[in-house]
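The sequence and coordinates follow.

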Amino acid sequence: MEHPFGTLKAWTGSTHFPTRTLNRVSTEMSLHVLAYNLKRVMSILGTEALIEVIQA
C-alpha cells in the first residue's frame with residue numbers, strides 16, 4: 001500500500017468510512033486528503049511560511 005493511504009488509514013483507525021453513499025464517502029476522503037496535504041506542507045515549509053502564502 002502506498003504511504004499516504006496507509007497514513008490516512010492509521011489516522012482514521014479503521015479500514016472503512018463511517019459515512020454511507022458515494023457522495024458522502026467522496027467528501028470524507030477529500031477532507032482526509034486535504035488534511036494530509038496541509039500537514040505535509042506545514043512540516044516542509046513551516047506554519048509561518050504557509051500562513052504567508054495563504055494570505056498572499
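L31 counts as exposed because its relative accessibility is 54%, and the cut-off for that class is over 50%. This is a predicted model, and L31 sits in helix α2, which covers residues 22-45. On the surface, L31 belongs to a nonpolar patch together with L34, L38 and M42. The accessible area of these four residues together is about 360 Å².

E48 is part of helix α3, and its relative accessibility of 64% is why it counts as exposed. Between E48 and L34, a member of the patch, the C-alpha to C-alpha distance is 19 Å, with a separation of 14 residues in sequence.

Turning to the fold, the protein chain has three helices and zero strands, giving the pattern α-α-α along the sequence. Its radius of gyration is 14 Å, well over the 10 Å from the globule rule for 56 residues, so the chain is more spread out than a compact globule. Along the principal axes, the C-alpha atoms fill a box of roughly 35 × 25 × 15 Å. Of the 56 residues, 11% count as buried. The chain exposes about 4700 Å², and 62% of that area is supplied by carbon and sulfur atoms.

As for confidence, the mean pLDDT of the chain is 84, with 95% of residues at 70 or more. Where pLDDT is low, predicted coordinates should not be read in detail.

Key: Residues numbered from 1 in each chain as written. Predicted model: local features only at pLDDT ≥ 70, side-chain atom pairs only at ≥ 80, totals over all residues. Heavy atoms only, no water. pLDDT = per-residue confidence, 0-100. Patch = residues over 30% accessible without salt bridge, like charges linked within 9 Å, V, L, I, M, F, W, Y side chains within 5 Å. Areas by Shrake-Rupley, 256 points an atom, 1.4 Å probe, with all protein chains shown as cover. Salt bridge = Lys/Arg side-chain N within 4 Å of Asp/Glu carboxyl O. Helix = DSSP H or I, 4+ residues; strand = E, 2+ residues; numbered from the N terminus. Buried < 20%, exposed > 50% of the residue type's maximum accessible area, 1.4 Å probe, protein only. Rg over C-alpha atoms; globule rule 2.2 N^0.38 Å.
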